[in-house]
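Here are some notes to read beside the model. They cover the ligand and the pockets.

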Amino acid sequence: MNDCIFCGIAEGAVPSKKIFEDDEIFAFHDIEPKAPVHFLVIPKRHIQNIMECGAGDGLLLGKLLLKARELACELGCGEGGARFVINCKADGGQTVDHLHIHVLGGRRLGWPPG
Ligand code: AMP
Ligand code: ZN
């Protein structure tokens, strides 16, 4: 295992509150939720951030987004909606360098971000 915490979660070596897993994707509740619903959807393969993605990652990115949407609906956000966020590098506020989609819902969120 490398020293990436999300790789550890995807491998099951680091505990998490798992929501979903298949051969390519892992989804789990954020450890410091910023909304009543706040979970993360990640590729099992280590990709540092969205800037590292290219045309060959299109299928995987589509799967991640559609799984995020599906799980948001399952967790009760279908009616009220949710926010789907990818933070990238320092200016984007990324703190864990393994690509992840945040899904936040269950309350009315402010805009723009600070
Ligand atoms: P970001 O700032 O976009 O990189 O988001 C990283 C997110 O990962 C934050 O919302 C953290 O609360 C969350 N996080 C960090 N470590 C863990 C962990 N071990 N289990 C679940 N969520 C985590
Ligand atoms: Zn990783």
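**Ligand site and pockets**

1. This is a predicted model. Start with the shell around ligand 1. By class, that shell holds six nonpolar, seven polar and three charged residues.

2. Now the neighbours themselves. Ligand 1 is surrounded by 16 residues. Asp30, Asn87, Thr95, His100 and His102 are the closest.

3. An oxygen atom of ligand 1 lies 2.8 Å from a side-chain N or O atom of Asn87. For the side chain of His102, the distance from an N or O atom to a ligand 1 oxygen is 2.8 Å. Taken alone, ligand 1 exposes 500 Å², and the protein buries 85% of that.

4. Where does ligand 1 sit? It sits in the largest pocket. Helix H1 (5-11) and strand E2 (25-29) are the elements that give two or more residues to the shell around ligand 1.

5. The largest pocket holds about 860 Å³ of space. Its lining counts 34 residues, with Asp30, Lys34, His38, Asn87 and His102 nearest the centre. Two or more lining residues come from each of H1, E2, strand E3 (37-43), strand E4 (82-85) and strand E5 (101-105). By class, the lining has 16 nonpolar, twelve polar and six charged residues.

6. The second largest pocket has a volume of about 150 Å³. Among the residues that line it are Gly80, Arg83, Leu104 and Arg108. E4 and E5 each give two or more residues to this lining. Its residues divide into three nonpolar, four polar and three charged.

How values were computed. Residues are numbered from 1 along each chain as its sequence is written. Chains are lettered from A and ligands numbered from 1 in the order in which they are written. This is a predicted model: local features need pLDDT of at least 70, side-chain atom pairs count only at pLDDT 80 or more; totals for chains, interfaces and linings use all residues. Side-chain values use heavy atoms; hydrogens and water are left out. A residue is near a molecule or strand if one of its heavy atoms lies within 4 Å of it. A polar contact is a pair of N or O atoms within 3.5 Å; within protein, one must be able to donate a hydrogen and the other to accept it, and residues adjacent in sequence count only if both atoms are side-chain atoms. Accessible areas come from the Shrake-Rupley method with a 1.4 Å probe; for residues, only the protein chains shown count as cover. On a 1 Å grid over the protein atoms alone, a cavity is a set of points where a 1.4 Å probe fits but cannot get out, and a pocket is an open set with protein on both sides within 12 Å along at least five of seven lines; lining residues have an atom within 4 Å of a point. A molecule sits in a cavity or pocket if more than half of its atoms lie within 2 Å of its grid points. Helices (H or I, at least four residues) and strands (E, at least two) are DSSP runs, numbered from the N terminus. Ala, Val, Leu, Ile, Met, Phe, Trp, Tyr, Cys and Pro count as nonpolar, Asp, Glu, Lys and Arg as charged, and the others, Gly among them, as polar. Grid points are joined across faces, edges and corners, and a volume is the space filled by probe spheres set on the points.
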